[in-house]
Amino acid sequence: MAVPEEIRKVERPVNTIVLDHGGNGIYRYAVLERTGCRRVGGSNRPVTGGTIGHIIDMKFVPCTAAPVSMSTVELKDYADAALIDSLGQDILQELCSVYDYKDALRIYCLAGLKVCYHGEPYKRLHLRYETSFFSEWYPSLAMSKNSICAFLNGIGSTYSRITAFMREHVRKSATGQDIIIDGTLKSDESCVNSLSHYSRKARTKGTRDITVLYAYGASDREPVCSKVYGGNVIDAVSFEDFLREMGLEYGIVLTDKGFPHSKVSEVYSKRPKLHYLSPLKRSDRRIEEHRLHDYDSMPAGDRDRDLLAKKVAVKGKNGGISYYLYSFYDRARASKEEADWFRHNKGKGFSNAELEDRKEKFGTVVFESDIDKDPMEIYRLYDSRWLVEEFFHYYKEEDDFDDTRVHLDASVYGSEFISFIASLLTARLVNRFDSLGLFKTASYKDIMTDLAQAKKIKAGEGDDKWLYVRLPEGIQDELRLLGLMEKKTEKAKGKPGRPKKEAVPIGPKRGRGRPLGSKNKPKTDAQNET
C-alpha cells in the first residue's frame, strides 16, 4: 500500500523508510531503519532492519520501551519460594538422578508451586510460575495448561521411574527409623480411569475414590514413599504389594486396624528385619483369653499421663515365643471416650449392662508385636501415630490434595507423584516452623500468608538488583528468624543518662573564701558615700 506524500515528508531519522500496515490504528505508519545493502543479480538491494518508531499525528514518535504486555514481570513472590527451595535441594538432586534434568526441574517447580499456592489448579500454575521467583531460578519451563497435562501423563506413563525414585528415597530416609504406614481416600469421579471406585466409605462420602498408601517416618516426621491404588482395594491387600515395590525391608512398621497381622503374616516372614506393631480390635478374643484388662504395672511415663499396662508373651506351637501382646489403659483417653459416649447416646435407649461393658473398654488399646520392649516404649511408638494423622491433615486441608482433578490412569499416577513431592516439602516446612517456635503464635496457614506478602521488586530499569517491598515489622521479624532477611545492625549501647559535657578552660581556678587582703583594701568614693 502506497504511503501518502504528507506522511513521507514528516521529519524522521535518516536512512529510514515508512511502511503502511493498514487499518486506522495509531501504529499504522511504522518507521524502519536501513541497516545496509546486499548484492543481488548485479545490483545493490537495501536491507531493512527493525522498527524504530511510528508516524503519529504527523510527528515521528520513537520506540522508547517495549509494550507492557511484552515486558518481563518485575514484581515476584519471593519468601515462600526461597524457603521451599532452600529445603528441597536434595529432593531436586534425587529427581535428577532418575529423570532428565529439565523434567526434574518441572516436577520440582510444579510441586513447589502447589505448596505455595493453596488449592491452585494446574491450569493456573503458568501465571503463578511467571509471578514467582521459581521462574527466576529455573527459567523457560513449559508451564501452560496443555503442556502440564501432557507432562503429567508422561510421568505416569513412565511408571518405573516413579518406583525408582521411591525406592531410592526409601533407601536414604527410611533406614534407622520406625515407619508408620496408613492409607487415605481421595475423591475421583472420573469415568475414564480404572482406579476410580466406590470405597468402604461410599455411604458417607457419596463419591468414588482412589486409595493412596503412605509410609511416614516417625523420627524425621516426613513421608517416605507413596503409591496409588483403586478405591475398592482394601488396605491389607495392597500392603504386601506396597512393601515389595517400595523396598521397605527394615524398621518397625506401625499400622492401624486396617492392616491386621493375621492377613499379612507372610509379608513379615519374608522380611526378617522388618517388625510390626499392630493394634487389635476391642472385640478380639485374645483380650479375654489372656485377661489383658487385668493390668499389672503403672509405667512412669509423662507427668500429665496416667497409664496402666500389661505385657504377655504368647507361645507358639513349638513352645517358643510367637509374639507379644501389650495392653494399656489411658485415664485421660477413657474420660474423653466416656464423655463422647454420653453425648452421642443422650435421648436414646439406655442399657446399664451396655454401659458397664463399655466402661471396661474405654481408654484401652491392645497391640500385637514381634518385638520385646518395655511397655512404655511401645506406647510412645503408638503415640507417634498422631504424626501421620497430622500429616494427612496438611495433605488434604492445607495443600488441598483431596481431589485428583485428572482423568487418565497415567495422569493420576503423575499427579500423585507431584503431590508426594509437594507433601514432602510441606512436611519440611512444618518441621522448620515447629523448630523455630512459630506455631506458638500462628498457624501454618498464617505463616504461609505472611510469607506470600514478602515480594521482591526490581530496583530500576536495567538493574538486576531485587529489593523487598515495604513490609510490616512483624513479617520482617519472621523473615529474619527464617534466614530470609538480614538481621538488624544493632547500635553500640552507651551509658545511661545525659552525656557529660567537656569543661571549657577559662583560666586559673579561684580559691575558696574572700580574696586575701580584701579587709585592708581602700574603699572607693561611692562606697564612702554609702
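This is a predicted model: local features need pLDDT of at least 70, side-chain atom pairs count only at pLDDT 80 or more; totals for chains, interfaces and linings use all residues.
User: What makes R106 count as lying over the face of F151?

Analyst: R106 is placed 4.1 Å from the ring centre of F151, and the rule asks for NZ of Lys or CZ of Arg within 6 Å of that centre and within 35 degrees of the ring normal. Residues are numbered from 1 along each chain as its sequence is written, and side-chain values use heavy atoms, leaving out hydrogens and water.

User: Why are Y99 and F417 called a tilted pair?

Analyst: Their centres are 6.0 Å apart, and rings of Phe, Tyr and Trp (its six-membered ring) pair if the centres lie within 6.5 Å. The planes make 40°; under 30 degrees would be stacked and over 60 edge-to-face, so the pair is tilted.

User: What does the pair of Y99 and F417 tie together?

Analyst: Y99 sits in the loop between α3 (89-96) and α4 (101-116), while F417 is in helix α17 (residues 409-435), so the pair links parts 318 residues apart in sequence. Helices here are DSSP runs of H or I with at least four residues. Both Y99 and F417 are buried, meaning under 20% relative accessible area, with exposed over 50% and partly exposed in between (1.4 Å probe, protein chains only).

User: Why is the pair of W341 and F342 edge-to-face?

Analyst: The planes of W341 and F342 are 85° apart, with 5.3 Å centre to centre, and that angle is over the limit for edge-to-face. W341, at 10% relative accessibility, counts as buried, whereas F342, at 37%, is partly exposed.

User: How do you know that the buried residues of α8 are on the same side?

Analyst: I162, T163, F165, M166, H169, V170 and S173 are the buried ones. The face turned away from them carries the exposed S160 and R171.

User: Which residues have the most contacts inside the largest nonpolar core?

Analyst: They are L95, F134, I181, L248, F417, F433 and L451, in a core of 94 residues. Such a core is a set of buried Ala, Val, Leu, Ile, Met, Phe, Trp, Tyr and Cys residues joined through side-chain atoms within 4.5 Å.

Notes
Helices (H or I, at least four residues) and strands (E, at least two) are DSSP runs, numbered from the N terminus.
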